[in-house]
Structure formats: structure tokens, C-alpha cells
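The entries follow in the order in which I looked them up.

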Amino acid sequence: MKPRNFVHILAVALALSGYSAWSLAARQEGGRGELPADFPVATYPLFQVPLLRLDDARALWRRDTTLFLDVRAPFDYQCGHIAGAVNLPEAEIDKRFPALKDRLERAEAVVLYCSSPDCAKSYWSALWLHNKGLKRLHIYPAGWNEWINRGLPSAHSD
Amino acid sequence: MSGSTEDCRAPTPTDDRPASWPGRTTSLVCRYLLAAVFLAAAITKITDLPAFKNQVLLHSSLPHPVGVAVVVVLPWLELTCGACLALGHAVREAALIAAVLLVLFMVYSLAFRTGADCHCFFLPATFSSGDWWWPLARNLILLVGSLWVIRQRPS
């Protein structure tokens, strides 16, 4: 093996990386894409957070700019959660929020869900995050039960 | 005084035997497999950089500066390595870099146990949102292939 070849490969890759850096920087200057105006189907009256039906939640889930937050207990999350969702248990929200703050602020849409419409944790969590200044929050009230019953992508942790 | 001391040394044992044809064939298959995988992964990322950026920054657990570096450099490093492997230029060096990348991917898979979509291989998210061990197993197979390419003597 020739060290010169390593240098060549790395130099070419780094030179081409300039395109990525430029492209992403130019896109950031152009502003963030807005969500369609017809997305929210209802809003939670207390703080005007859109409530999503399954189709809306699924459409948002397909977007890479969306972060799904599972506010159930860690054990429930480990047993099964919406694919790509991050666990932010409502009971530990103040403790775990700082570690997630950057990701939540960068997301173009944050969707909170619990197990079912009877579970109020997503509402309490949304209110808490809203009070912390987070915008672009959405609640998916039917939550995990509906998602898994429809056979939509899910994951589990060991 | 005539002649240099080097003339008097016993020749260093080197293995000049040409690689056997099964070895060469396996190496070639591994090389083109690696090239195809790396090129596919790179092109998928490069053609949708914003999606890859969001995937890494929002859904991976990497620190932000590391995530940005990965977004900017990784697709092009994969592309360069894939091109070298496909074209037969600096093959062993490219295979070694590929092996290092694969080891890093495996460490990541093990550390975070994530089966989340990596925006690779033109597959939609639903295809790759399965079990956490799948990326690990896939990368292990590719790692074995890359090690085979590295250890193969140039013909």
C-alpha cells in the first residue's frame, strides 16, 4: 500500500465535500420549507397545537425533517415505538429535555404521541415544550395503538 | 572496497507467488460488491443531501459538529472509495478506508442499536427501519469482503 494513494483518495473526497458544504449552506440561507397550510385538522385550544389524524401523522413521518417524540414510559418505548421516534418520557421531561433541545429546535415538525387518545401525556408534554419556546409542535392523539394496529413501521429496543 | 554491504545480505523472504485463480476471483467479486454498495450509498446521499442532513442531525445520536462533518464528508468519501474500487485504482487503499468506515458504522450500530433508515441504497425508510442488528450484519459481511480485497496480493 502506498501512503500517497491514501492522500489522493482523502484529498479528492475533501475537495468534493466542498460542494456539500456550499450546497447545504446555500439551502440554509434560502430559508426552511414551510409545511402545507392544510396540514392541521384541529388544534388543541389551550395553546393552538395542531392535532393530527393518522394520515397526517404518516405524511409527516415520511418527512425527514420531522421528529417523533414518544412521551410514554421507557419500558413502553422499549417494547415498541414508531420507527425513528425518540423517547422523552413525560415524567422525566425536565431531566431529559436539555439533551434533546438542539434536535427539537432543528426539526421542522415535532410530533408528540402517547398510547391512545385517553393518555394525556402528549398534551402535557406539548404544553411543557410550548412553554419552553418550542414551535412547530404537533400532537398525534391516537398515538401508538392506532399506529401499530394499522401495521405502520415500528421498532423496538432491547 | 568494492560493492555495497547490501550485496552481501541474504535476500529478504518475499512471497512473489501469484494469487491463485479462486482467490483472484473472490477478490474481484468482493471488490465489485464493495464498489457497488459504496457507490449506491454515496449517490443516494448526494442526490438528496438535505434529507441525509436531516436524518443525521435529527435522528442520529451524534454530537452536532460530528454530525455536520459526517454529512459533508461521508458521501464523497464513499463515492471516491467506490470509484477507486470500481476502476481498479488504489484498490487496496480504498478497501482499507472502506473497512475503517464499516468498522465505524458497526460501532455506531452497536452503541445505539438503531435500525433507523440510513438513506442508503435507494430504499425508502420503511425498508430499513427494522431490527437494530441488520445494519450490523450487513456491514460485517462487507467488512469481510473488504479485508479479503486488502489481503489479496496485487496481480
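I call a crossing left-handed if the near helix is turned anticlockwise from the far one by less than a right angle, and right-handed if clockwise. The model is predicted: local features need pLDDT of at least 70, side-chain atom pairs count only at pLDDT 80 or more, and totals for chains, interfaces and linings use all residues. Residues are numbered from 1 along each chain as its sequence is written, chains are lettered from A and ligands numbered from 1 in the order in which they are written, and side-chain values use heavy atoms, with hydrogens and water left out.

**Entry 1: H4 and H5 of chain A.** I took helices as DSSP runs (H or I, at least four residues), numbered from the N terminus. Helix H4 (residues 93–106) of chain A packs against helix H5 (residues 121–131) of chain A at an angle of about 65 degrees, the axes being 12 Å apart. Axes are lines fitted to C-alpha atoms over the stretch in contact, and angles run from 0 to 180 degrees between N-to-C directions. I found the crossing of H4(A) and H5(A) to be right-handed. For contacts (heavy atoms within 4.5 Å), I noted A:Ile93, A:Asp94, A:Phe97 and A:Leu104 in H4(A) against A:Ser125, A:Trp128 and A:Leu129 in H5(A).

**Entry 2: burial in H5(A).** I listed as buried (under 20% relative accessible area, 1.4 Å probe, protein chains only) A:Ser122, A:Tyr123, A:Ser125, A:Ala126, A:Leu127 and A:Leu129. Just after H5(A), A:Gly133 has a positive phi of about 95 degrees.

**Entry 3: H5 and H6 of chain B.** The axes of helix H5 (residues 91–112) of chain B and helix H6 (residues 133–151) of chain B come within 9 Å and cross at roughly 160 degrees. H5(B) is therefore roughly antiparallel to H6(B) (angles over 145 degrees). The crossing of H5(B) and H6(B) is left-handed.

**Entry 4: cysteines.** How many disulfides does a search of the whole structure find? I found 1 over all chains, taking a disulfide as a pair of cysteine sulfur atoms within 2.5 Å. A:Cys114 is joined to A:Cys119, S to S 1.8 Å. The torsion about their S-S bond is about 65 degrees, so this disulfide is right-handed. Both A:Cys114 and A:Cys119 are buried. In chain B, the sulfur of B:Cys81 lies 6.6 Å from the closest cysteine sulfur, in B:Cys84, too far for a bond. B:Cys81 counts as buried at 0% relative accessibility, and B:Cys84 is buried with a relative accessible area of 9%.

Definitions and conventions
Helix = DSSP H or I, 4+ residues; strand = E, 2+ residues; numbered from the N terminus. Parallel < 35°, antiparallel > 145°, perpendicular 65-115°, else oblique. Buried < 20%, exposed > 50% of the residue type's maximum accessible area, 1.4 Å probe, protein only.
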